[in-house]
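Thanks for passing this one along; here are my notes, in numbered points. Please have the model open as you read.

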Amino acid sequence: MSTVVTTAPSSRGGLRHVVGSPLTARVLFPFVVIGVWYLIYYTIDSRIFPTPQEVVVFMWEEVTLTSGVRYGSVVSNLYGMFLISIARLTVGFFIALGVGTVVGLAMGLSKSVDAFFHDWVMAILAMPALVWALFLGLAFGFGHEAPVLTVILAGIPFVIINVREGVRNTPKELFDMARAFDVPQNKITRHVLLPSLMPFFFAAIRYAYAIGWKGLVIAEVFGSDRGMGWTIKFWYDAHRAKGVIGYALFFIIFALALEKLVFDRLADRAFKWRPKMSAVELAEGDFGAVAAEGFLVVEDQAGIDATVSKGGNL
Amino acid sequence: MATTLEEKAPGVRSAEEERLIALRRRDTRRKWFWRIAGYVVVLGVWEFLSGRMLNENLLPGPTRIVETFPQLIESGRFFSSFGATLTRIGVGFGLAFLFGVILGILTQSRWIDGFFKDATTISLVSPGLIWALVGLVIWGFEPQGWIFAIFMTTFALVTVNIAEGIRALPKDLMDMSRAFGVSTARRQREIVIPFLAPFIFTALRFGFSIGWKVTVLTEVFSSNKGIGFEMRVASQLFRMDEFFTWVLSFFVFALFLEKVVLQRYENKFFRWREEVVS
């Protein structure tokens, strides 16, 4: 659903029409935020709270590498830190995807395996990333291990749950028919199992990545000496509010870009062939809520859905 | 009605039914067997790792945690910490929930929906950590700091769930009430809110599951009591047994609230509905 349609203001509607359109409201929002920012600036008694201009200048200096702050080596700028974080995220993400898919398939195919893992998957899902970050930081020191392991632990339950649910939702009749017509096994896998697994797998990727990112920054704050999470903590420790807010904005920009430019596009491309399906009919069992909601996001491009955080780690 | 041909004596099952029941019983037994096996294996591996593979002080085993638990209760900090954290959750998430529900209901207006669209998206995709730090750096240890952090991470979750319900509103009822000139306020009270009730409950449950995590996170940075504070102190003093005991006791408590208490109320309230949506 797209509530914000680019409404061409008709000449008859006039000014009132333009002001009343949802698009105007959406454009208005950032200005209101800046207004509130100034309101806070003038009302609270804080010597470090920056104005929007200061933050923009700070961010610009970070982007163009002209701030003059260099901590040690060449990689210690915005791009270096960002690349380190992305590399950690990607490594952890692929490990989570690999292991999670295997476990998820096994859980979907066998009830015994499902009973074996179920409660522990739920427990890992509900555990805050903060706990992993603090523990792994102590266990492994300030290397790459703690952040990568946190990404894996934060993302893996989403992969397992979604893959499991995908296997369970494969239409049985199609299997039966394929077998009746003597279709070879590899063809069944390719044309029946994989396509029906796809949406769930896609939801798994999306959430594992988003949740992994949230977990990663916490792990970098407590268990690392570099990366984006570490950098925002650096500015916090330095008591530079503009640094903290500036980096917070970098985080938001990154997350939004990832959602809008990568995942929304991928979803459009991956599911063009598919007829619309209602998510409700997929919700079955206690895992169902999570997986079906994840699925719903794929189907319904209403933007980011509730599921992002559903039982997710911060 | 004519007498049926096969009139069964009550209490006597056919062979087919017997077979089905036996099958189901076997399934349940097998399921429980594997479930218990899962617990035994995971706890066993954990107990084995602690002290043998990893230093016992780094990863205390389950038995150590069970032993530490009564010590924490004796220390007297246990209940006050729980109280402090629960108060924060109550205040922070309470405000976010209230605002989220109101905003969700207001998304019926496309203008308001457009206005807050980016706010909800941003709140959903950004890590809770940044709000905790931003709140802290602006307000210091004042309550506004952590309220801001909890609010920013959870309100959108509530809003999105409510908006989901708004989208599913029965259109014919709304159209009819409009055609008969029912006032907006009355329409909200008599159609929208009753229809949204299950969604509000779901929003509460999901919001809580995120809310307690971000609350603990804010306590790590900006508090002198509460679970998050105790976790930080324990990990800094390398008392990992205390660390895990704090974490796990609150973890179990939060899961109990979420999965048992809230879920049960939800089921109880909406059993009359044919399908509980979402």
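1. From the N terminus on, chain B runs α-α-α-α-α-α-α-α-α-α. That makes ten helices and zero strands (DSSP runs numbered from the N terminus: H or I of at least four residues for helices, E of at least two for strands). The radius of gyration of chain B, taken over C-alpha atoms, is 26 Å, well over the 19 Å from the globule rule for 278 residues, so the chain is more spread out than a compact globule. The rule is 2.2 Å times the number of residues to the power 0.38.

2. A word on the source: this is a predicted model, where local features need pLDDT of at least 70 and side-chain atom pairs pLDDT 80 or more, while totals for chains, interfaces and linings use all residues. Residues are numbered from 1 along each chain as its sequence is written, with chains lettered from A and ligands numbered from 1 in the order written.

3. The C-alpha atoms of chain B fill a box of roughly 80 × 60 × 30 Å along the principal axes. An automatic or database assignment divides chain B into domain 1 (18-59) and domain 2 (65-269), with C-alpha centres 33 Å apart.

4. Now the partner chain: 49 residues of chain B are in contact with 56 residues of chain A (C-beta atoms, placed from the backbone, within 7 Å). On the side of chain B that touches chain A, α4(B) gives the largest share, twelve residues.

Key
Contact = placed C-beta atoms within 7 Å.
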